[in-house]
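Here are some notes to read alongside the model. Take the points one at a time, and find each residue in the viewer as you go.

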Amino acid sequence: VAARVPPGTALLALAGPGNNGGDALEAATLLRAMGHDVRVLLPSGARNLPADAARAHAGWLAAGGQTWSALESGFTPGLVIDGLFGIGLNRPLGADWQALADQANAWSVPVLALDVPSGIDADTGAALGRPVRARWTLCFIARARGLAQGAGADAAGEIHLDTLGVTLPPAGGG
């Protein structure tokens, strides 16, 4: 993100209720430390986040970040980080989550999806609603199978992989 947007661009991290939201919070904290203008939307609130995501939220707040529970009227970001839902999504987006995905698409700004675009089944590539349309998708550890097929291939944009230093065994065992 830092290499793709000019300084001063308003960035919006959409943080969902799970560890994908924690990834968005980590990205927001790092980008803020680099001097970027980052906002975080955490519509589900921080009270029921899993432990890793709760630590990421605490780090965001400790770095001086603020968290929105709803979009501010008239705000339009220059780039969106999609951390609403990742590889664990297995049901259609609920109405409020779908509205956020629709808004991200309506802005017509670049989107970086974390793991998979929200609204995509990571295994099958099926659309679970109207998915976020990403310009780039950053996969962690391994590329999700669903990004190569169906709606996943259409929504993912350019795919990048960060193994996070994890080495996986060869396919087929070993």
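1. Start at helix 1, which covers residues 19–33 and contains Asn20. Keep in mind as you look that this is a predicted model. Is Asn20 buried or exposed? Its relative accessible area is 7%, and the cut-off for buried is under 20%, so Asn20 counts as buried.

2. Now see what surrounds Asn20. Its side chain and that of Asp115 are joined by a polar contact of 3.1 Å. Setting aside neighbours within four places in sequence, the residues in contact with Asn20 include Asp82, Gly83, Leu84, Phe85 and Gly86. Leu114 and Asp115 are in contact with Asn20 too.

3. Next, the nonpolar interior. In soluble globular proteins, nonpolar side chains tend to be buried together. Here the largest nonpolar core has 22 residues, and those touching the most other members are Leu12, Leu14 and Val80. Strand 1 (10–15), helix 3 (95–106) and strand 5 (111–114) each supply at least two residues of this core. Which of the elements gives the most? That is helix 3, with four residues.

4. Leaving out neighbours within four places in sequence, Leu14 is in contact with Ala24, Leu41, Val80 and Ile81, among others. Asp82, Gly83, Leu84 and Ala104 are also among the contacts of Leu14. Apart from this core lies another, made of 20 residues and including Leu11, Val38, Leu42 and Leu49.

5. Some nonpolar residues can be found on the surface. Ile141, Leu164, Val166 and Leu168 form a nonpolar patch there, and together they have about 330 Å² of accessible area. To find Ile141, go to the loop between strand 6 (136–140) and helix 4 (150–156). Ile141 has a relative accessibility of 34%, so it counts as partly exposed.

6. How many salt bridges does a search of the whole structure find? The search finds five. One of them pairs Arg4 with Glu158, with the closest N and O atoms 3.7 Å apart. This pair links distant parts of the chain: Arg4 sits in the segment before strand 1 and Glu158 in strand 7 (residues 158–162), 154 residues apart. Arg4, at 44% relative accessibility, is partly exposed, and Glu158, at 40%, is partly exposed as well.

7. Another salt bridge joins Arg39 and Asp37, where the closest N and O atoms are 3.0 Å apart. Arg39 has 26% relative accessibility and counts as partly exposed. Asp37 is also partly exposed, with a relative accessible area of 29%.

8. Finally, look at the salt bridge between Asp123 and Arg145, with the closest N and O atoms 2.9 Å apart. Where do the two residues sit? Asp123 is in the loop between strand 5 and strand 6, and Arg145 is in the loop between strand 6 and helix 4. They are 22 residues apart, and the pair links distant parts of the chain. Asp123 is partly exposed at 45% relative accessibility. For Arg145 the value is 58%, and exposed means over 50%, so Arg145 counts as exposed.

Conventions
Residues numbered from 1 in each chain as written. Predicted model: local features only at pLDDT ≥ 70, side-chain atom pairs only at ≥ 80, totals over all residues. Heavy atoms only, no water. Core = buried A, V, L, I, M, F, W, Y, C linked by side-chain atoms within 4.5 Å. Buried < 20%, exposed > 50% of the residue type's maximum accessible area, 1.4 Å probe, protein only. Contact = heavy atoms within 4.5 Å. Polar contact = N/O pair within 3.5 Å; in protein donor to acceptor, adjacent residues only side chain to side chain. Patch = residues over 30% accessible without salt bridge, like charges linked within 9 Å, V, L, I, M, F, W, Y side chains within 5 Å. Areas by Shrake-Rupley, 256 points an atom, 1.4 Å probe, with all protein chains shown as cover. Salt bridge = Lys/Arg side-chain N within 4 Å of Asp/Glu carboxyl O.
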